Amino acid sequence: MSASSPMRTPATRKRRRLYAVLAGLTMLGIAAALVLTAFQDNIVFFYSPSDLTEKELRPGQNIRLGGLVEEGSVKKAADGVTTEFVITDLSKTVPVRYGGLLPDLFREGQGVVSQGTLGPDGVFVASEVLAKHDEKYMPPEVADALKRSGQWKEPTK
Amino acid sequence: MHRFANPNQFLRIANPVLPWVAWLAALSIGTGLYLGLIQAPQDYQQGETVRIMYVHVPAAWMALFVYASMAIASATALIWRHPLGFLAAKASAPIGACFTVICLATGSLWGKPMWGTWWEWDARMTSVLILLFLYIGYMALVDAFDEPTRGQRAASILALVGAVNVPIIKFSVDWWNTLHQPASVVRLDGPAIHPSMLWPLLIMAVGFTAFYFAVLIVRLRSEIAAAKIRNIRIGQVHG
C-alpha cells in the first residue's frame with residue numbers, strides 16, 4: 001500500500017510474498033544440505049571397521065567404533081572384568097578390549113558402538129560400550145519361529 | 001480456506017467438533033495404553049522395556065506433525081495474512097514442545113537400559129533436541145516485541161526456517177550412522193514391527209493426534225477471545 005507503488009494490487013503482493021517464502025525455503029534447504037554434507041564426518045556417530053582402515057587417525061585419538069560383535073569372539077579375561085571381543089562389519093574386523101560393565105543387550109551377533117582409542121598393536125581399547133538394536137520388533141515366539149524356518153535375516157549393518 | 005478466515009465461522013465448526021475429538025483422544029489413549037502396556041507381547045530382544053515405545057514413538061510423531069502444521073500455518077499467516085494461521089501456530093507451539101519433551105524423556109529412559117546410556121550426541125537425538133529449542137525459541141519470540149505484529153512476523157519466519165529440521169530428523173537415521181535404529185513403521189518395504197505390537201502403537205498415535213486437535217481448539221478459542229478483548233480495549237482507548 002506504499003505510495004511508491006500505487007499499481008500493486010493485493011493479489012500481486014500475496015503472490016510476491018509466496019515467491020519470497022518459496023525462494024527463501026529453497027535457499028535454506030540448499031544451505032542446510034551443503035552444511036550437513038560438509039560436516040558429514042562429524043555427524044556420523046561411529047566409524048565402521050572398514051572406515052578405520054581408510055581414516056588417518058592421530059595416535060591416541062578418541063573415536064567411536066561400531067559394528068556387530070563377531071560370533072564366538074567374546075572372551076572374559078582372567079581378572080573377571082576385562083572383556084575381549086571382535087567388532088566386524090562383515091568385511092573388516094577390529095579386536096576390542098574393554099574393562100567395565102556391558103549393557104544387557106550385549107551379546108554375540110549384536111550391534112554395538114564402543115568409544116575409545118586404537119592402540120599401536122591394532123587392539124581398540126574401549127572406555128565405553130553401548131548396545132544397538134535393530135528396527136525389528138516382534139514377540140519372542142515369532143522370532144524363534146522365523147529362526148526355525150530359516151527366514152531369519154541377520155542385520156547387515 | 002478463506003471460509004475459515006473468519007474466527008466466528010471457525011468457532012461454529014470447531015465448537016461441536018471439540019467433544020468428539022476429546023472423547024476420541026480419551027478412548028484411544030486409554031485403549032492404546034491398556035493394549036500396549038498389558039496386552040501386547042514382550043519383544044524378542046528388549047523384553048518388557050519395549051513398552052516404552054507405545055508412548056515414545058507417538059510422541060515423536062506428534063512432535064514432528066505439530067511442527068509441520070505450525071510451519072504451514074505460519075506460511076499462510078505470512079503469505080495470505082490469514083488471521084487464524086498465526087493464532088493456530090501460536091496455539092500449537094506449547095503442545096508440540098510438550099510432545100517433544102515427552103519424546104526426549106521417554107527416549108532417555110529407554111536408552112539407559114537398552115543402549116547403556118541416557119544421552120548420546122547422535123544425529124537423531126541432537127536434531128530432536130534442536131526441535132525442542134525451535135519450539136521454545138518460537139514461544140519466546142512471539143511475545144518479545146511491544147508491537148504484536150512484529151513478534152508475529154518474526155516468530156512465523158522462525159517457524160518456517162526451522163522447518164528444514166523436520167526432514168533432517170526423519171532421515172537422520174538413514175543419512176548417517178546413528179545409535180538410534182532406523183525407522184520401523186514409516187518405511188518403504190512396510191513396517192518391521194509385528195502386528196500385535198503395531199496395532200496398540202497406531203491406536204496410541206490416533207489418540208495423541210485427537211488430543212492435539214482437542215487442545216488446539218481449546219487454545220485457539222482462548223486466543224480468539226483474547227484478540228477480541230484486545231480490540232475492545234483499543235476501541236475504548238481510542239473511542
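Guide: Start with a helix pair in chain B: α2(B) and α5(B) are oblique to each other. Bear in mind that this is a predicted model.

Visitor: What's the crossing angle for α2(B) and α5(B), roughly?

Guide: Roughly 135 degrees, with the axes coming within 8 Å. Angles over 145 would count as roughly antiparallel, so this pair stays oblique.

Visitor: Left-handed or right-handed crossing?

Guide: Left-handed, as α2(B) passes α5(B).

Visitor: Which residues make the contact?

Guide: From α2(B), Met70(B), Ala71(B), Ser74(B), Ala75(B), Ala77(B) and Leu78(B). From α5(B), Ser156(B), Ala159(B) and Leu160(B).

Visitor: And how does that contact split by class?

Guide: Seven nonpolar, two polar, no charged residues.

Visitor: OK, what does Ala89(B) touch, sequence neighbours aside?

Guide: Some of those names come back. Ala89(B) is in contact with Met70(B), Ala73(B), Ser74(B), Ala77(B), Ser156(B) and Ala159(B), leaving aside neighbours within four places in sequence.

Visitor: How many residues are in the largest nonpolar core?

Guide: That core has 62 residues. Ala89(B) is among those with the most contacts inside it, along with Ala59(B), Ala63(B), Val66(B), Met70(B) and Tyr138(B).

Visitor: Which helix gives the most to it?

Guide: α2(B), with 18 residues.

Visitor: What about a second core, which residues does it include?

Guide: It is separate, with 26 residues, including Tyr47(A), Val86(A), Val113(A) and Leu179(B).

Visitor: Switching to the interface. How many residues of each chain are in contact?

Guide: 30 residues of chain A with 34 of chain B. On the chain A side, α1, β6 and α4 each supply at least two residues. The largest share, eight residues, comes from α1(A).

Visitor: And the class make-up of the chain A side?

Guide: 20 nonpolar, three polar and seven charged residues.

Visitor: Why is Leu90(A) classed as partly exposed?

Guide: Because it has 15 other C-beta atoms within 10 Å. Buried needs 20 or more, exposed 12 or fewer.

Visitor: Where is Arg81(B)?

Guide: In the loop between α2 and α3 of chain B. Arg81(B) counts as partly exposed, with 14 C-beta neighbours inside 10 Å.

Note on methods
Residues are numbered from 1 along each chain as its sequence is written. Chains are lettered from A and ligands numbered from 1 in the order in which they are written. This is a predicted model: local features need pLDDT of at least 70, side-chain atom pairs count only at pLDDT 80 or more; totals for chains, interfaces and linings use all residues. Two residues are in contact if their C-beta atoms, placed from the backbone, lie within 7 Å. Helices (H or I, at least four residues) and strands (E, at least two) are DSSP runs, numbered from the N terminus. Ala, Val, Leu, Ile, Met, Phe, Trp, Tyr, Cys and Pro count as nonpolar, Asp, Glu, Lys and Arg as charged, and the others, Gly among them, as polar. A nonpolar core is a set of buried Ala, Val, Leu, Ile, Met, Phe, Trp, Tyr and Cys residues joined through C-beta atoms within 7 Å. Axes are lines fitted to C-alpha atoms, for helices over the stretch in contact, and angles run from 0 to 180 degrees between N-to-C directions. Angles under 35 degrees count as roughly parallel, over 145 as roughly antiparallel, 65 to 115 as roughly perpendicular and the rest as oblique. A crossing is left-handed if the near helix is turned anticlockwise from the far one by less than a right angle, and right-handed if clockwise.
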